[in-house]
Amino acid sequence: MSALRVGIVGARGYVGAELIRLLAAHPRFELAYVTSRELVGQPLAAHIPGYAGDVQYTSPAYEDLPALAADLVVLALPNGKAAQIVQQFDDAGVDPVIIDLSADYRFDPSWYYGLPELTRAQYSGQRRISNPGCYATAMQLAIAPMANVLDGPVQCFGVSGYSGAGTTPSDKNNVELLRDNLMPYALTGHVHEREVSKQLGHPVEFMPHVAPHFRGLTITANLRLSIAFDIEEIFARYRGRYAGEPLVRVLDEAPWVSRIAGMHHIELGGFTLSGDGKRLVVVATEDNLLKGAATQALQNLNMAFGLDEFLGIPL
Ligand SMILES: NC(=O)C1=CN([C@@H]2O[C@H](COP(=O)(O)OP(=O)(O)OC[C@H]3O[C@@H](n4cnc5c(N)ncnc54)[C@H](OP(=O)(O)O)[C@@H]3O)[C@@H](O)[C@H]2O)C=CC1
Ligand SMILES: CC(=O)N[C@@H](CCC(=O)OP(=O)(O)O)C(=O)O
């Protein structure tokens, strides 16, 4: 079987680096090209610990991408950049599988929204895949098992490591400003608030913060329920919903972000009910660069090529 060739556009970033590591170790995918304007001409091995291949960063013009003949193209660029690249493939009549890691196509019904544990039943061979946001992944997996008994909006308090803000310098990845600090931002209307509300068909109110650690996020979700539950019923719902899901672990205790860095799965725990059984608090932790981005992208890419969804993901 010949290898499936992958192009990564925007590979200098944190997510691109994680994808390179995963794809280089994958039994069916190989790197066709890996782009960065800043690192053009330099070997990946000089920048990606653990990568031992001889591929170098290139910086092709967008109009030259279709001729590079990849079976699949990963867009790992900042928001707002994907459409101009997708247009180049459309204009050239070249139709690789394209997966976009940004928020650009998450509201476009002609793209498959790939949060496999919740949406894989809707995958029917689409060649355009939108990868969910990192916080949005954690919020949806934390809320979905209770979706049919929610009473009013769900509130989610989120704290992310600063790798969530990417490599472009800003206050949110400025280690001096973050030292001993917790930085609130986008306290209403964050794109992930809209994304989760749309996907779940239920309003979610999201309050993100960025913290001094590098990777890993925590969501603490407050769910008001239309009927009373006891804690055993809550565990039964979550364990039942995610039975057989290797990348979702339901814990007895509250998950800690310090334990999730570098892990490919999400943890749900800290389940706490109010005395009347009608208010549930759930905590989710996830590595924003892995299940929040690169690992989830690999699940989607495996699915798009008819491979085992978890092929190449260390479980
Ligand atoms: N970080 C995270 O936790 C998550 C990120 N995402 C999404 O994944 C995507 C990548 O994120 P991340 O790796 O953090 O981002 P980074 O900021 O770390 O990297 C962005 C990449 O895009 C390139 N780039 C930057 N600006 C431009 C530009 N104006 N035009 C063309 N290329 C540009 C950079 O390379 P160069 O400048 O060298 O060309 C770099 O390779 C984003 O859309 C992000 O929203 C999704 C989930 C989680
Ligand atoms: C700390 C921080 O800034 N985090 C980013 C989340 C990263 C992400 O997943 O954003 P996309 O929707 O662009 O993929 C943010 O809040 O925008």
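A crossing of two helices counts as right-handed if the near helix is turned clockwise from the far one by less than a right angle. With that in hand, here are the close-ups, all taken from a predicted model.

**Figure 1. Helix α4 crosses helix α6 in a right-handed way.** The axes of α4 and α6 (residues 191-200) come within 9 Å, crossing at roughly 35°. On the α4 side, look for Cys134, Tyr135, Ala136, Met139, Gln140 and Ile143; they meet His192, Glu195, Val196, Gln199 and Leu200 of α6. Sort the residues of this contact by type and you get seven nonpolar, three polar and one charged.

**Figure 2. Helix α1 meets helix α8 at an angle.** Here α1 (residues 14-24) and α8 (residues 290-304) have axes that come within 9 Å and cross at roughly 40°. That angle makes α1 oblique to α8. As for handedness, α1 goes past α8 in a right-handed crossing. From α1, the contact draws on Val15, Glu18, Leu19, Leu22 and Leu23, while α8 brings Leu290, Ala293, Ala294, Thr295, Ala297 and Leu298. The tally for the α1 and α8 contact is nine nonpolar residues, one polar and one charged.

**Figure 3. The buried residues of α1 and what covers them.** Gly16, Ala17, Glu18, Leu19, Ile20, Leu22 and Leu23 are the buried residues of α1. Their cover includes strands β1 (4-9), β2 and β3, along with helix α8. Glu18, Leu19, Leu22 and Leu23 turn up here as buried residues, and they also belong to the α1 contact with α8.

Figure 4. The model has eight aromatic pairs in total. In one of them, Tyr135 and Phe206, the ring centres are 4.7 Å apart and the planes sit at 65°, so this pair is edge-to-face. Tyr135 and Phe206 are both buried. Another pair, Tyr238 with Phe271, is tilted, with 4.7 Å from centre to centre and 55° between the planes. Tyr238 is in helix α7 (residues 231-241) and Phe271 is in strand β12 (residues 266-273), so this pair ties together parts 33 residues apart in sequence. Tyr238 and Phe271 are buried as well. Elsewhere, one aromatic cluster is formed by Tyr14, Tyr162 and Phe214.

Figure 5. Ser36 sits in the loop that runs between β2 (29-35) and β3 (72-75). Its relative accessibility is 5%, so Ser36 counts as buried. Beyond its neighbours within four places in sequence, Ser36 is in contact with Arg12, Tyr57, Thr58 and Ser59. Tyr51 has its place in the loop between β2 and β3 too. At 9% relative accessibility, Tyr51 is counted as buried, because the cut-off is under 20%. Again leaving aside neighbours within four places in sequence, Tyr51 has contacts with Ile20, Ala24, Leu31, Leu44 and Ala45. One of these, Ile20, is listed among the buried residues of α1. For a sense of scale, Tyr51 and Met303 are 24 Å apart in space, C-alpha to C-alpha, and 252 residues apart in sequence.

Terms used. Residues numbered from 1 in each chain as written. Chains lettered and ligands numbered in written order. Predicted model: local features only at pLDDT ≥ 70, side-chain atom pairs only at ≥ 80, totals over all residues. Heavy atoms only, no water. Helix = DSSP H or I, 4+ residues; strand = E, 2+ residues; numbered from the N terminus. Buried < 20%, exposed > 50% of the residue type's maximum accessible area, 1.4 Å probe, protein only. Contact = heavy atoms within 4.5 Å. Axes fitted to C-alpha atoms, helices over the stretch in contact; angles between N-to-C directions. Parallel < 35°, antiparallel > 145°, perpendicular 65-115°, else oblique. Nonpolar A, V, L, I, M, F, W, Y, C, P; charged D, E, K, R; others polar. Phe/Tyr/Trp six-rings, centres within 6.5 Å; stacked < 30°, edge-to-face > 60°.
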